[in-house]
Amino acid sequence: MNLYLTLKAIHIIAVISWMVGLLYLPRLFVYHVENNSPEASKVFKVMEKRLMKIIMNPAMIITWLTGLSVLWILGFNTIFSLWLSIKFLFVIILSGYHGFLSKCLKDFELDRNKRSSKFFRFINEIPTIILIIIVFLVIFKPA
């Protein structure tokens, strides 16, 4: 089996899994804010924590490891191509966004969230916009 293609396939699967979490967790936060009874809050806390720990964190780690492995196979000098440099920047931004969601999760766990459902609806658009940019960069590879 071709190692490069295997890593690339795993990378794409991990990216899809990570994006699902980045899109779904803020939506859970919206529902959590809007349905904050003690019983509902307890259920949302479990769902949010499992999403982060079981899906999002492993998917992000696998995305990074396979992405860097593919880059290693291609040669690290390819990072100097414009499209890959921009893609790398947006992956770093997504990783920061992931960290921000992790902080929000901690706030919900400790019952100290101060943000509105409108805020979470708004930030839920960030990964979508970045995903669109990354897909166009990968497909068109601007020089």
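Visitor: In which helix is L82 found?

Guide: L82 is found in helix α3. Please keep in mind that the model before you is predicted.

Visitor: How does one judge whether L82 is buried, partly exposed or exposed?

Guide: One looks at relative accessible area: under 20% is buried, over 50% is exposed, and values in between are partly exposed. L82 has a relative accessibility of 42%, and therefore counts as partly exposed.

Visitor: With which residues is L82 in contact, leaving aside its neighbours within four places in sequence?

Guide: On that basis L82 is in contact with P142 and A143. Distance in sequence and distance in space may also be read side by side. L82 and P26 are 56 residues apart in sequence, and their C-alpha atoms are 31 Å apart in space.

Visitor: Which residue with a positive phi follows α3?

Guide: That residue is D111, with a phi near 55 degrees. D111 has this positive phi although it is not a glycine. Its place is the loop between α3 and α4.

Visitor: Is D111 buried or exposed?

Guide: D111 has a relative accessibility of 56%; the cut-off for exposed is over 50%, so D111 counts as exposed.

Visitor: Which residues does S41 touch, not counting those up to four places away in sequence?

Guide: S41 touches H32, N35, N36 and D111. S41 itself is found in helix α2, which covers residues 38-74.

Visitor: Where is R115 placed?

Guide: R115 is in the loop between α3 and α4, the loop in which D111 is also found. R115 has a relative accessible area of 27% and is partly exposed. Leaving aside neighbours within four places in sequence, R115 is in contact with V33, F100, C104, D107 and F120. R115 and L25 are 90 residues apart in sequence, yet 14 Å apart in space from C-alpha to C-alpha.

Visitor: How many residues does helix α5 have, and how far does it reach?

Guide: Helix α5, residues 126-140, has 15 residues. From its first C-alpha to its last it reaches 21 Å, close to the 21 Å expected at 1.5 Å a residue.

Visitor: Which residues of α5 are buried?

Guide: They are P127, I130, I134 and L137. In α5 the buried residues fall within an arc of 90 degrees, and so they line one face of the helix.

Visitor: Which residues are exposed on the other side of α5?

Guide: I129, I139 and F140 are exposed there.

Visitor: Against which helices do the buried residues of α5 pack?

Guide: They pack against α1 (3-34), α3 (82-109) and α4 (117-123).

Visitor: What follows α5?

Guide: α5 is followed by K141, whose phi is positive, near 45 degrees. K141 is not a glycine, and it lies in the segment after α5. At 43% relative accessibility, K141 counts as partly exposed.

Visitor: How many helices and strands are in the protein as a whole?

Guide: There are five helices and zero strands. From the N terminus on, the elements run α-α-α-α-α. The C-alpha trace spans about 50 × 30 × 20 Å along its principal axes.

Visitor: What share of the 143 residues is buried?

Guide: Buried residues make up 35% of them. The protein exposes about 8,600 Å², and carbon and sulfur atoms supply 73% of that area.

Visitor: What share of the contacts between residues at least 6 apart in sequence join residues at least 24 apart?

Guide: The share is 78%.

Methods. Residues are numbered from 1 along each chain as its sequence is written. This is a predicted model: local features need pLDDT of at least 70, side-chain atom pairs count only at pLDDT 80 or more; totals for chains, interfaces and linings use all residues. Side-chain values use heavy atoms; hydrogens and water are left out. Helices (H or I, at least four residues) and strands (E, at least two) are DSSP runs, numbered from the N terminus. The expected span of a helix is 1.5 Å times one less than its number of residues. Buried means under 20% relative accessible area, exposed over 50%, partly exposed in between (1.4 Å probe, protein chains only). The arc is that of the directions from the helix axis to the C-beta atoms. Contact means heavy atoms within 4.5 Å. Accessible areas come from the Shrake-Rupley method with a 1.4 Å probe; for residues, only the protein chains shown count as cover.
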